[in-house]
Amino acid sequence: MKVDQTKPLEYSTEQNNLNILGFWMFLGAEIMLFATLFASYFTLEGWTGSGPSGSEIFEITPVIFETFILLTSSFTIGLGVHAMRLMNKKATITFFSITLLLGLAFVGFEVVEFFTYIEEGAALQTSAFTSILLSTLGTHGAHVTFGLFWGLFILIQIKKRGLTPETANKSFIFSLYWHFLDVVWIFIFSFVYLKGMM
Amino acid sequence: MKELFPRKQVMGFVFSLVLTIVALLVYFLDMSFAVGMTVLLLTAFTQAGLQLIVFMHAGESEDKGTIYLNIYYGVIIALLTVFGTLLAMIWGYV
């Protein structure tokens with residue numbers, strides 16, 4: 001395996017470059033996946049049947065918390081990748097751990113939010129609106145939850161094996177995933193919550 | 001310690017917080033739907049671009065051209081899906 005010393009570790013081998021490019025392709029497909037969810041959401045948001053509408057169940061406070069938590073976690077994972085490029089293993093582990101804890105807090109807020117919706121009579125099967133709302137939020141939330149486990153396993157690998165071309169590559173790809181989820185959340189925040197409460 | 005907080009990323013974070021606060025004004029101030037949607041579209045897409053360039057390092061690798069082409073393709077399909085659906089399912093009937 002040829003290792004190019006002039007490049008950051010995550011780009012240092014041909015295989016690493018291909019892995020990163022391949023992951024960008026995957027993110028392209030993910031953009032389209034979320035686009036279909038948004039398209040269905042905008043189509044069905046008015047079909048509330050006998051259930052509540054968005055403006056009746058959305059609450060601004062948890063949404064603000066969720067947004068700032070996810071934005072901050074996107075920043076800390078960016079710092080983690082930067083620390084990785086400085087070959088500072090300890091700082092990399094610290095920043096990745098903070099990111100995962102913030103991710104956990106986000107999922108916590110979302111779980112509470114879902115329980116509140118169900119208590120208020122907005123379950124998955126209540127109306128076309130609640131179905132697509134919970135499907136859209138749930139798809140994003142499931143991505144974040146999956147990311148928590150993925151990130152945790154990478155963290156363990158960095159701890160055990162140190163910063164190698166392989167672990168750096170995996171961490172960088174994970175950071176792409178995490179930033180992407182933040183971007184999706186920005187669109188949910190703007191066009192589901194804020195638009196619904198306007 | 002200081003080298004762990006690069007200026008570019010700290011500024012990017014501050015800017016993303018500002019964009020979020022501007023978006024929140026849509027809720028806290030009284031705005032017409034059209035003005036509110038314009039603000040949200042501007043802040044959301046700026047925020048997405050910011051993440052892509054500052055945090056995802058989209059322009060750094062040798063495959064920059066392919067990566068951008070792939071993202072543009074994904075975004076174009078996304079916009080066609082969303083606005084095409086709106087046209088066919090909602091706007092076409094008003």
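1. Helices (H or I, at least four residues) and strands (E, at least two) are taken here as DSSP runs, numbered from the N terminus. On that basis, Ser12(A) belongs to the segment before α1 (14-44) of chain A. The model is a predicted one, in which local features need pLDDT of at least 70 and side-chain atom pairs count only at pLDDT 80 or more, while totals for chains, interfaces and linings use all residues. Residues are numbered from 1 along each chain as its sequence is written, and chains are lettered from A and ligands numbered from 1 in the order in which they are written.

2. Surroundings of Ser12(A). A residue is termed buried if 20 or more other C-beta atoms, placed from the backbone, lie within 10 Å of its own, exposed if 12 or fewer do, and partly exposed in between. Ser12(A) counts as buried because it has 20 C-beta neighbours inside 10 Å. Contact between two residues requires that their C-beta atoms, placed from the backbone, lie within 7 Å. Apart from neighbours within four places in sequence, Ser12(A) is in contact with Val3(A), Asp4(A), Lys7(A) and Pro165(A). The C-alpha atoms of Ser12(A) and Lys2(A) are 8.0 Å apart in space, with the two residues ten apart in sequence.

3. Overall description of chain A. Chain A has six helices and zero strands, and its elements follow the order α-α-α-α-α-α from the N terminus. The C-alpha trace of chain A spans about 65 × 30 × 25 Å along its principal axes. Of its 198 residues, 45% count as buried. Among the contacts in chain A with a separation of 6 or more, 77% are between residues 24 or more positions apart.

4. Packing of α5(A) on α6(A). Axes are lines fitted to C-alpha atoms, for helices over the stretch in contact, and angles run from 0 to 180 degrees between N-to-C directions. The axes of α5 (residues 128-161) and α6 (residues 165-197) of chain A come within 10 Å and cross at roughly 160°. The two helices are therefore roughly antiparallel, a label given to angles over 145 degrees, whereas those under 35 count as roughly parallel, 65 to 115 as roughly perpendicular and the rest as oblique. The crossing is left-handed, as applies if the near helix is turned anticlockwise from the far one by less than a right angle; clockwise would be right-handed. Residues of α5(A) in this contact include Trp150(A) and Arg161(A), and those of α6(A) include Lys170(A), Trp178(A) and Trp185(A). By class, the contact has 13 nonpolar, eight polar and two charged residues, where Ala, Val, Leu, Ile, Met, Phe, Trp, Tyr, Cys and Pro count as nonpolar, Asp, Glu, Lys and Arg as charged, and the others, Gly among them, as polar.

5. Packing of α1(A) on α6(A). The axes of α1(A) and α6(A) come within 11 Å and cross at roughly 15°, so α1(A) is roughly parallel to α6(A). This crossing is right-handed. Among the residues involved are Phe23(A), Phe34(A) and Phe38(A) of α1(A), and Pro165(A), Phe172(A), Phe180(A) and Phe187(A) of α6(A). The contact divides into 15 nonpolar, three polar and one charged.

6. Interface between the chains. In total, 40 residues of chain B are in contact with 38 residues of chain A. On the side of chain B that touches chain A, α1, α2 (33-55) and α3 (64-89) each supply at least two residues, and α3(B) gives the most, with 14. That side comprises 24 nonpolar, 13 polar and three charged residues.

7. The axes of α3(A) (residues 60-85) and α1(B) (residues 7-28) come within 10 Å and cross at roughly 165°, so α3(A) is roughly antiparallel to α1(B). Their crossing is right-handed. Residues of α3(A) including Phe75(A) and His82(A) meet residues of α1(B) including Phe13(B) and Tyr27(B). This contact has seven nonpolar, six polar and no charged residues.

8. Met87(A), in the loop between α3 and α4 (89-119) of chain A, has phi near 60°, a positive value in a residue other than glycine. Met87(A) is partly exposed because 13 other C-beta atoms lie within 10 Å. His57(B), in the loop between α2 and α3 of chain B, likewise has a positive phi, near 50°. His57(B) counts as buried, with 23 C-beta neighbours inside 10 Å.
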